[in-house]
Amino acid sequence: MSDLFSSYNLSGLSLENRVVMAPMTRARAVDTVPDSDTALYYAQRAGAGLIVTEGTPISDEGRGYLYTPGVYSAEQVAGWKKVTDAVHARGGKLFSQIWHVGRVSHTSVQKDGIAPVAPVAEIAKNSNVFGLDDGGTPGLVSPSAPRALNTEEIARITKEFADAADNAVKAGFDGVEIHGANGYLIEQFINAGFNTREDAYGGATIAGRIRFALEVVDAVVARIGASRVGIRLTPFSRLFDLHAFEGEEATWLELARELSKRNLAYIHIGNAGGLLTTEEGHKFLTAFRKAYQGTLIYAGGYTQETAQRVLDEGLTDLVAFGKPYIANPDLAERMRNGWPLAASDHTTFYGGAQKGYTDYPAYEAAV
Ligand SMILES: Cc1cc2nc3c(=O)[nH]c(=O)nc-3n(C[C@H](O)[C@H](O)[C@H](O)COP(=O)(O)O)c2cc1C
């Protein structure tokens, strides 16, 4: 039985406990460079066994939202260095979540207003991103029509993932989490309902669908070493206009088997659409656990009690908490001591300055 508060050896990186801070976009980097507020925000949360940062675009093209801090320029790397120093000074460990949104973007957040890119030139319907409206005011806007990537271009993006990973290590991160989840570029390739390409990355075969994910993993591993590389996946998430498709479970299990051969730091599974909490979902997770031999992190709606339960069941090794970390910078300490949890204000999740970001006190400071 693994206690939520017991230490964990993550590919040689010693974690204080099994509580992970889930990646959360907070959209406060107006010039895309992390600053002293970013450093303070993460340092306040250094009591997590592992912090996974907010999604961090690997290029201008990979950006879908205003004010998300990138990891592709010298200024951004210098900004992140302040963050990693501050977290390490408090004994924390942190991975950078490296991100390409694919079609989940808007011309107003793309350089020179160009179209976003995707496996297929089909717009994400019934979706929103954070961009500029027609009048130039920041707010929620519908994703723009993407253009389809040609085959030769895909290697360029793979390299940008590897460059971003390199930058993250230079900035002092303990590793990177490849964002393969939540309906963004990597999942757009995996989803056969959307990926109707006819080249080697095409949707007709499992090998084609998972090729891009594996090439990104392999390129990043070649650059920074497998023990520093995790990947986030959200099977059955249905986000950003991706839908059920035939052979879905087989696709995820094949990806699990392939990733299992690569000795990564971890796979992080997000229960984005809630489907993994059903009986079917439980069966799937059991099969996934069997197919993947390495460390697993689960996220999505966990409380201390349910987190301990999945650890007891042996289904996962670590559990990530998202929203609870917004209002409880000392979440792990609060749970361990049975201290009450504060509620987070969803109106300050994205954008703005310190309010709702760095001004939630630790429990002891509040008494
Ligand atoms: C404000 C906010 C921003 C998020 N941004 C990201 C992100 O950048 N990358 C990602 O993979 N998931 C993101 N998520 C999803 C969380 O990592 C997590 O999976 C989700 O909130 C469910 O966990 P929870 O119930 O503990 O909050 C975000 C969630 C929230 C609430």
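I began with the term pocket, which on a 1 Å grid over the protein atoms alone is an open set of points where a 1.4 Å probe fits, with protein on both sides within 12 Å along at least five of seven lines, and whose lining residues have an atom within 4 Å of a point. I took a volume as the space filled by probe spheres set on the points.

I noted that this is a predicted model, in which local features need pLDDT of at least 70 and side-chain atom pairs count only at pLDDT 80 or more, while totals for linings use all residues. Residues are numbered from 1 along each chain, and side-chain values use heavy atoms without hydrogens and water.

Second largest pocket: I found a volume of about 280 Å³. It is lined by 17 residues, with L276, T277, H282, Y302 and V310 closest to its centre, and α8 gives the most, three residues.

Largest pocket: I read about 1,100 Å³ of space here, lined by 37 residues, of which P23, M24, N182, K323 and Y350 lie nearest the centre. The largest share of this lining, three residues, comes from α9.

Ligand: I saw that the space taken by the ligand is the largest pocket, and that 17 residues surround the ligand, the closest being P23, T25, R232, G301 and G322 (near meaning a heavy atom within 4 Å). For polar contacts (pairs of N or O atoms within 3.5 Å), I listed a ligand oxygen 2.7 Å from a polar backbone atom of G301 and a ligand nitrogen 2.9 Å from an N or O atom in the side chain of Q97.

Conventions:
A polar contact is a pair of N or O atoms within 3.5 Å; within protein, one must be able to donate a hydrogen and the other to accept it, and residues adjacent in sequence count only if both atoms are side-chain atoms. A molecule sits in a cavity or pocket if more than half of its atoms lie within 2 Å of its grid points. Helices (H or I, at least four residues) and strands (E, at least two) are DSSP runs, numbered from the N terminus.
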